[in-house]
Structures are given as C-alpha cells and as structure tokens.
Amino acid sequence: MASASSSSLSTRRNRLVVPLIVCPSCNVKTIVRCTAKTDANRGRIFYTCPDHEKDGTGCNFWYWEEGYINYLKRNGFIAGEDGTYGKTAQHLDLNQDAFGRQDEIEKKLIAIVPIVREILLAVKCMLVVGLFGVLILVCVLVVVLMK
Ligand SMILES: [Zn+2]
C-alpha cells in the first residue's frame, strides 16, 4: 500500500523509476547507474554491477537502460507496473479526451435542441400569423370589393 503510493508519487516526479537492485549475478554489490563515455554511445545510460570489468571479467551484469528496465520487469522488480502504469495512464488520458470531446458535442447538441425548437415554434407562429394575415387581407379585400 505504502510502496504503491510512493512509487506512483515518484512516477509522477520522474516518468519512470528505475530501482537499483542488488546484483543478481554476484548477489553482493548494488547495481550502479552509469553514463556511457564512449564516442559511439556518449551520454547513454547503462546499469552495471560495480564488479563488472570493461574487459568482460568480474561480474557479468551489464545492461543498457532499456535492457535493465526490461530485466526488472521480467523479474518482477517493477512488476511491469511502471511500464503498464504509464500505458494505462496514457489510455485513460486518451479515453478522457474522447469522453471530453463527446461531452462537448453532447453539450452543443443539448444547447442546439432548444434553439431548434424555438426556431420551429417561431416558424409555426409566423405561418399561423401569416395565414391569419392572408385571411384578414382576403376578408378586407372582400369587404372593400363588396362595397
Ligand atoms: Zn555483480
């Protein structure tokens, strides 16, 4: 409960929380977050065991950021929660947008309906008044002609 709320809090702060786990290969050191300094991958983030050696000796735990995140998800360290949480949130946002648009359209329709009714009423009134007007005119004409 507490961890869920704190993880969602930090998700809001950092888009994706990448926990630093105890190295699963040697079970001794805690994984460290590093930034690549090679020309090909400068600035790219990777996660490795502090015991990992550049020549491949020592502990073999080494992942690029996305690989490490996938590793964490595969092994339940983030329980696919952060990844799916983000996707769900996005879906929710999209749904809300769609609902929002629907609501707007409905509101517009609801606003238009009484206007349409009033226009129809006005047209009816005009027709009735017009008919009466024509009748009165005819009567007046008849009366005038009779004289
Ligand atoms: Zn290790």
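Modeller: Start with the largest pocket, which holds about 320 Å³ of space. A pocket here is an open set of 1 Å grid points where a 1.4 Å probe fits, with protein on both sides within 12 Å along at least five of seven lines. This is a predicted model: local features need pLDDT of at least 70, side-chain atom pairs 80 or more, while totals for chains, interfaces and linings use all residues. Residues count from 1 along each chain, and side-chain values use heavy atoms, without hydrogens or water.

Biologist: Which residues are closest to the centre of the largest pocket?
Modeller: Cys 34, Ala 36, Phe 46, Lys 54 and Trp 62, out of 14 lining residues (an atom within 4 Å of a point). Strands β1 (32–35), β2 (45–48) and β3 (62–64) each give the lining at least two residues.

Biologist: New topic. What holds the zinc ion?
Modeller: The SG atoms of Cys 23, Cys 26, Cys 49 and Cys 59, at 2.2 to 2.3 Å. The donor cut-off is 2.8 Å for N, O and S atoms (3.2 Å for Na, K and Ca). Their spacing is C-x2-C-x22-C-x9-C. Cys 26 sits in the α1–β1 loop and Cys 59 in the β2–β3 loop, so the pair ties together parts 33 residues apart in sequence.

Biologist: And the geometry of the zinc site?
Modeller: Tetrahedral, with angles of 97 to 123°; the rule is all angles between 85 and 135 degrees.

Biologist: Is Cys 59 buried or exposed?
Modeller: Buried, at 8% relative accessibility. Cys 26 is partly exposed at 25%. Buried means under 20%, exposed over 50%, partly exposed in between (1.4 Å probe).

Methods. Grid points are joined across faces, edges and corners, and a volume is the space filled by probe spheres set on the points. Helices (H or I, at least four residues) and strands (E, at least two) are DSSP runs, numbered from the N terminus. Four donors count as tetrahedral if all angles lie between 85 and 135 degrees; four count as square planar and six as octahedral if opposite donors are over 155 degrees apart and all others between 65 and 115; anything else is irregular.
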